[in-house]
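Subject: Structure handover

Hello,

Here is the structure I promised to pass on. My notes on what turned up follow below it.

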Amino acid sequence: VAGEEHAERRKERLARNESLFREVNERIGQISDHGSFEPIEFLCECGEASCTETIPLSRSEYEQVRSDPLLFVIKPGHGTADVEAVVEEEARYEIVRKHEAEGRIARETDPRG
Ligand SMILES: [Zn+2]
């Protein structure tokens, strides 16, 4: 049971980090030129605190991710299979969707909720 608890804490930590990166990306989106068609460098939202990768996204690509509080954008291969599923794969990025059971924190911290 101790192992299970450890796993739960790990998932919670990942979820909190993902939410934090999402908050930062919302700020990046807000301060970026709204009229520009240049891609914007967003942070990878994989939830690993040590990850400093950025992902160039157009505003419409980013808005697509933010349309659902359970969606996060990550570098290909940065996903964690037990908490989320890949729903879209591109060369530059992947979009992952949190499993419903792991989605509580993602919903609670939705910056657009
Ligand atoms: Zn990452």
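Please keep in mind that this is a predicted model. I start with the metal site, then go through the core, the ring pair and the charged pairs.

**Zinc site**

The zinc ion has four donors: Cys44 (SG), Cys46 (SG), Cys51 (SG) and His78 (ND1). They coordinate at 2.1 to 2.4 Å. The angles between the donor atoms run from 103 to 113 degrees, so the arrangement is tetrahedral. The cut-off for that label is that all angles lie between 85 and 135 degrees. Along the chain, the donors are spaced as C-x1-C-x4-C-x26-H.

Cys44 sits in the loop between strand 1 (40-43) and strand 2 (54-57), while His78 sits in the loop between strand 3 (71-74) and strand 4 (84-89), so this pair ties together parts that are 34 residues apart in sequence. Cys44 is buried, at 1% relative accessible area. His78 is partly exposed, at 25%.

**Nonpolar core**

In soluble globular proteins, nonpolar side chains tend to be buried together. The largest nonpolar core here has 19 residues. Those with the most contacts inside this core are Phe42, Cys44, Ile55, Leu57, Val73 and Tyr93. Note that Cys44 is in that group and is also a zinc donor.

Which elements give two or more residues to the core? They are strand 1, strand 2, helix 2, strand 3 and strand 5 (94-98). Strand 3 supplies the largest share, four residues.

**Phe42 and the ring pair**

The count of aromatic pairs comes to one. Phe42 and Tyr62 make up this pair, and it is stacked: the centres are 4.0 Å apart, with 5 degrees between the planes. Phe42 belongs to strand 1 and Tyr62 to helix 2 (residues 59-66), so the pair links distant parts of the chain, 20 residues apart.

Leaving aside residues up to four places away in sequence, Phe42 touches Asn25, Ile28, Gly29, Glu53, Thr54, Ile55, Leu57 and Tyr62. Ile55 and Leu57 are also among the core residues with the most contacts.

**Salt bridges**

Searching the whole structure gives 14 salt bridges. Three of them are described here.

- Arg104 pairs with Glu12, with the closest N and O atoms 3.9 Å apart. This links helix 3 (residues 104-108) to helix 1 (residues 2-31), across 92 residues. Both partners are partly exposed: Arg104 at 45%, Glu12 at 33%.
- Glu45 pairs with Arg66, with a closest N to O distance of 2.9 Å. Glu45 is in the loop between strand 1 and strand 2, Arg66 is in helix 2, and they are 21 residues apart. Buried or exposed? Glu45 counts as buried, at 0% relative accessibility, and Arg66 is buried as well, at 6%.
- Arg97 pairs with Glu100, the closest N and O atoms being 3.9 Å apart. Arg97 is partly exposed, at 29%.

There is also a network: salt bridges with shared partners join Glu12, Arg16, Arg104 and Glu108.

Best regards

Technical notes: Residues are numbered from 1 along each chain as its sequence is written. This is a predicted model: local features need pLDDT of at least 70, side-chain atom pairs count only at pLDDT 80 or more; totals for chains, interfaces and linings use all residues. Side-chain values use heavy atoms; hydrogens and water are left out. Donors are N, O and S atoms within 2.8 Å of the metal (3.2 Å for Na, K and Ca); water is not among the atoms, so sites may look incomplete. Four donors count as tetrahedral if all angles lie between 85 and 135 degrees; four count as square planar and six as octahedral if opposite donors are over 155 degrees apart and all others between 65 and 115; anything else is irregular. Buried means under 20% relative accessible area, exposed over 50%, partly exposed in between (1.4 Å probe, protein chains only). Rings of Phe, Tyr and Trp (its six-membered ring) pair if their centres lie within 6.5 Å; planes under 30 degrees apart count as stacked, over 60 as edge-to-face and the rest as tilted. A nonpolar core is a set of buried Ala, Val, Leu, Ile, Met, Phe, Trp, Tyr and Cys residues joined through side-chain atoms within 4.5 Å. Contact means heavy atoms within 4.5 Å. A salt bridge is a side-chain nitrogen of Lys or Arg within 4 Å of a carboxyl oxygen of Asp or Glu.
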